[in-house]
Amino acid sequence: MHSVPGIVAVGYINEAIDEGNALKTLDTLLLPTAKINDVDPDCAQHYQDVLYHAKMQKLMDSEIVSKVLWLDEIQHAVDEANMDKDKAKQWVTLVIDVNQCLEKQKPCDILSHLKSSVSNTNDIIPECADRYYDALAKAKEHKSKSVSTEGSWLKLTLQDKYDYYYNIDSKESSWVTPESCLPKESWLMAKEIEAFWKGHKQREAYMRRRQTFIDNTENIVKIQSWFRMVTARRNYLSRLQYFRDHKNEIVKIQSLVRANKARDDYKTLVGSENPPLTVIRKFVHLLDQSNLDFQEELEVARLREEVVTKIRGNQQLEKDLNLMDLKIGLLVKNRITLEDVISHRTKLNKKKHGEMQILNNTDSQGIKSLSKERRKTLETYQQLFYLLQTNPLYLAKLIFQMPQNKSTKFMDTVIFTLYNYASNQREEYLLLKLFKTALEEEIKSKVDQVQDIVTGNPTVIKMVVSFNRGARGQNTLRQLLAPVVKEILDDKSLTINTNPVEVYKAWVNQLETQTGEASKLPYDVTTEQALTYPEVKNKLEASIENLRRVTDKVLKSIISSRDLLPYGLRYIAKVLKNSIHEKFPDATEDELLKIVGNLLYYRYMNPAIVAPDGFDIIDMTAGGQITSDQRRNLGSVAKVLQHAASNKLFEGENEHLSSMNNYLSETYHEFRKYFKEACNVPEPEETFNMDKYTDVVTVSKPVIYISVEEIISTHSLLLEHQDAIAPDKQDLLNELLELLGEVPSVESFLGEGAVDPNDPNKANTLSQLSKIEISLYLTSKYNIGDGEAVDGQSLMIKTKKLIIDVIRNQPGNTLTEILETPATTKEEADHARDMESRAIIDSQAPEEMKHSQSMIEDAQLPLQQKKRKIQRNLRTLEQTRHVSSKNKYQDILNEIAKDIRNQRIHRKLRKAELAKLQQTLNALNEKAAFYEEQINYYDTYIKTCLDNLKRRNSRRSIKLDGKGEPKGAKRAKPVRYTAAKLHEKGVLLGIDDLQTNQFKNVTFDIISTEDVGIFDVRSKFLGVEMEKVQLNIQDLLQMQYEGVAVMKMFDKVKVNVNLLIYLLNKKFYGK
């Protein structure tokens, strides 16, 4: 550590160095606090130069933090300068002595002068003294000849950067160039003197060594040869052993080098605008279809069919279960008979045990069951559905030509069926294109104001939400909401009720139920009146605090899970925002994002939060259900989030919730950012890597699973609205509809023999047959496999396949070079062998995945004939401007490179699709198992009802006095109260048109019936029976739940519901 005075001295010294003033630098070095030793005032300038150079070196070193010279560094620089001074004096002495010796011609003194100037005297050879003298004298004489005038100054350069001056006459020395400095040019300088004696010494040594080599040339050659041989052998064996010791590493390095080369080639294939033919040739094998490709395609097709069938089956089962749920509910309410419920149960059990599987059995029914003459019609239908699937404009127009109720059913069945519920990348891409086209069409034709999207019920939005909540999107919604919703449901202590009137009534009900006495508080109050009670305000504030806390959890779950949102939903949100902005350019960003929020939150998420059991967000056991309190909690959260998403504050009738308005505004800003980022997605072409050649590159044809009824329905709708969706008479759709003719019936579609004409249940059989699903392998009307190509695009595809076959077997740097060079016999043989191998693989492919006949014929051509056909095709393509000979047909090579890239991506996506289909199928099977569990639960419930019915019938079969009257089971005794007594208990509040003093004349008999929870109430006035009414304890409990405090019996008697329930429980159930 430096002392404080020392640090101050360091500052002064560095400041003087920077100024470049040698005298000031000398003064600072002599400061006592600096404690610098051996400072010579005569070397002031040299100190300045050395210190400045040292500081510059330090400044240029980026690793050194401190940029000043410290005391130890300054002392080192001073010591270095002093050494320079001593060395300079030593060399000056040498120069003077040697030159004076030469001038005085004293050869005997030269040896002593030289030895005094060198550190190692052995370097001076005494025997060479005369030669030293002669060489130096000769050099001095030569140098003196060119000198006309000279002075007395000697100049020495130290370390190649510091100059030292010495006057031989005045003995004066200086580190700065003197004012009148004339050098002593005739004298030899120190470096010249040193060079002469060192050079002489080296020459002497060289000559002796050279003579030794000359005398022993033969031996030296032998030694060199032997040494080289030994060295080479040692290096070889060492290298060989090194390779053996590192065999694994070497193999890895070789593999890495090859991989890097292949990677560079592939980068060229992928990234280069015009990849060379030499690179394309290395990767054409990726276009070959292996057995694994065929197996995976078949597995995908099988799983896709199973998923679609399972979705349909689950949808129908869900509808039937909902109907069964309703029937049981009506049974409880005594609205239908038990026989109706049993009938529906029988139908459910039939479906469960497989008796209805004929409706979805595509193996035993479908294409193979069609008659031969119907095959051509079927092919036309395949072309029709391919056109509808790949050209979304037709369906987009058709949707808006139908009435709302009809279009909804059409969308839920035919459209999703046509796209296989987006069970793979291609169909999801095409379905999104339909959604986009239909949404743009709907906004263009049916939206007059920005808010119409929010206030109305747009058809396409409804379809998009329905799809994304379906089998594929349901898992996403579950991942998004299930954890936080389950947390809310599991919190049994959580109670959220933000309705002041309901809070008030619940509070009054609680008081009356606990005390059994009528409350003196009014039963019917307004919101303002309810808020005047501290108890209500306290409960309301607690509910609002709970609501804010729980809502915050749901919000964080939504915001943090943006990437879980289905891509399709986000893309449609983007289309919706852009389309609205295009039609209404004056719409603000806030208005546009509110519309996006209406789709993403209100329509997609909100219903799932309110009713998680209805959207499979949570797992429910058979017979289990969400309680009313839990549902109200979820509804309250959804309401707050809905207000926040639309930036709507609590006002008017919700004024009592205004304390949450700041929270709503903060939440809206989070939602706004969320909605904006959700719309930031790429186009489907980029996401799914689809283009116009996708269907050609894939192995298998697109397939859909559609019922006969749906085919006929679609045909009928197309004919009905033909003029609106295809006004151009030359439209391909019109051509296909003309080929199909009139809409067939189910019987005519399936052909003769499908139904027995004498079958008494013919109508029922036809109804079942109409639901048979048919596998349609979709093809274009102008498939390239049918004869010659009909357009440039098709010819391009055929030519590419021929080029791929040729470049495999014939080398060349460009396509033109290969086509112009004749094939050798070996190349023809290799090509023939490759084609035989491919034919064997193609023969093992399933029927629907085999190549067309024309392609098979092209593949069988010899190599030279293929090249001639390629040249003809290229000339045709050049005329249609698909390719150009000017760039050596690089365009078609670029298309081949693109096919290779797409094939790789397709294989990758196919593996992902297999995993996703299996995951979806597992989820569907779990859902089906849950439905079966519900069927078993309902079955048990109905059996219990049957058993109860049988027991009741058996009791009624017991006779009394032979008159057949039922004896019945022992029931609770009737209860009789006067109106005055009930009024005293608070049960009876009043009787219309009757004074209180008359209540003693009115009596009420309450009688329990055979049906549990059902009571007959008879009224008497002065002993005369007046009226009879029946009470259901379930109805009373429902009223209590809904907050109804007062009800009327006999249309004139007002009673307190809470106290009436209390009375019935006490008298008949012992509660």
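# Close-up views of a predicted model

View 1. Val1017 has Val1029, in strand 10, as its bridge partner. Strand 9 (residues 1014-1021) and strand 10 (residues 1024-1032) run antiparallel and are joined by 8 bridges. The hairpin of strand 9 and strand 10 has 2 residues between the strands, and Leu1022 there takes a positive phi near 55°.

**View 2. Strand 8 and the strands paired with it.** Strand 8 (1002-1008) is mostly covered, with 7 of its 7 residues buried. Val1002, Phe1004, Ile1006 and Ser1008 point one way from the strand, whereas Thr1003, Asp1005 and Ile1007 point the other way. In a regular strand, side chains alternate between the two faces of the sheet. Strand 6 (residues 975-978) pairs with strand 8 in the antiparallel sense, over 4 bridges. Within that region, Val975 has Ile1006 of strand 8 as its bridge partner. Strand 8 also pairs with strand 9, again in the antiparallel sense, over 7 bridges. Here the bridge partner of Ser1008 is Phe1015 in strand 9.

**View 3. The largest cavity and its lining.** The count comes to 1 cavity of 30 Å³ or more. The volume of the largest cavity is about 90 Å³. Its lining consists of Leu982, Val987, Leu988, Phe1004, Ile1006, Val1017, Leu1031, Met1049, Val1053, Val1055, Leu1060 and Leu1063. Strand 8 (1002-1008), strand 12 (1053-1056) and helix 42 (1057-1068) are the elements that give two or more residues to this lining. By class, the lining holds 12 nonpolar residues, no polar residues and no charged residues. Two of the lining residues, Phe1004 and Ile1006, point one way from strand 8 together with Val1002 and Ser1008. Val1017, also in the lining, is the residue whose bridge partner in strand 10 is Val1029.

**View 4. Helix 1 and its buried face.** Helix 1 (residues 4-19) has 16 residues. From its first C-alpha to its last, helix 1 reaches 23 Å, close to the 22 Å expected at 1.5 Å a residue. Gly6, Ala9, Val10, Ile13, Asn14, Ala16 and Ile17 are the buried residues of helix 1. Seen down the axis of helix 1, these buried residues fall within an arc of 160°, so they line one face of the helix.

**View 5. Helix 25 and the residue Asn647.** Helix 25 (residues 628-645) has 18 residues, which should span 26 Å at 1.5 Å a residue. The end C-alpha atoms of helix 25 are 25 Å apart, in agreement with that span. Among the buried residues of helix 25 are Gln630, Asn633, Leu634, Ser636, Val637 and Ala638. Val640, Leu641, His643, Ala644 and Ala645 are also buried. Just after helix 25, Asn647 takes a positive phi of about 55°.

**View 6. Val550 and Ser636.** Val550 lies in helix 22 (residues 534-560). With a relative accessible area of 3%, Val550 is buried, because buried means under 20%. Val550 and Ser636 are 86 residues apart along the chain, and their C-alpha atoms are separated by 9.8 Å. Ser636 is one of the buried residues of helix 25.

**View 7. Ala77 and Tyr52.** Ala77 is in helix 4 (residues 71-104). The relative accessible area of Ala77 is 5%, and this residue is buried. Between Ala77 and Tyr52 there are 9.5 Å in space, C-alpha to C-alpha, and the two are 25 residues apart in sequence.

**View 8. Asp38 and Tyr889, each with a positive phi.** Asp38 has a phi near 55°, a positive value in a residue other than glycine. The place of Asp38 is the loop between helix 2 (22-29) and helix 3 (44-60). Asp38 counts as exposed, at 58% relative accessibility, because exposed means over 50%. Tyr889 has a phi near 60°, also a positive value in a residue other than glycine. Tyr889 sits in the loop between helix 38 (863-879) and helix 39 (890-956). Tyr889 is buried, with a relative accessible area of 12%, whereas Asp38 is exposed.

Notes:
Residues are numbered from 1 along each chain as its sequence is written. This is a predicted model: local features need pLDDT of at least 70, side-chain atom pairs count only at pLDDT 80 or more; totals for chains, interfaces and linings use all residues. Side-chain values use heavy atoms; hydrogens and water are left out. Two strands pair if DSSP finds at least two bridges between them. On a 1 Å grid over the protein atoms alone, a cavity is a set of points where a 1.4 Å probe fits but cannot get out, and a pocket is an open set with protein on both sides within 12 Å along at least five of seven lines; lining residues have an atom within 4 Å of a point. Grid points are joined across faces, edges and corners, and a volume is the space filled by probe spheres set on the points. Ala, Val, Leu, Ile, Met, Phe, Trp, Tyr, Cys and Pro count as nonpolar, Asp, Glu, Lys and Arg as charged, and the others, Gly among them, as polar. The expected span of a helix is 1.5 Å times one less than its number of residues. Buried means under 20% relative accessible area, exposed over 50%, partly exposed in between (1.4 Å probe, protein chains only). The arc is that of the directions from the helix axis to the C-beta atoms.
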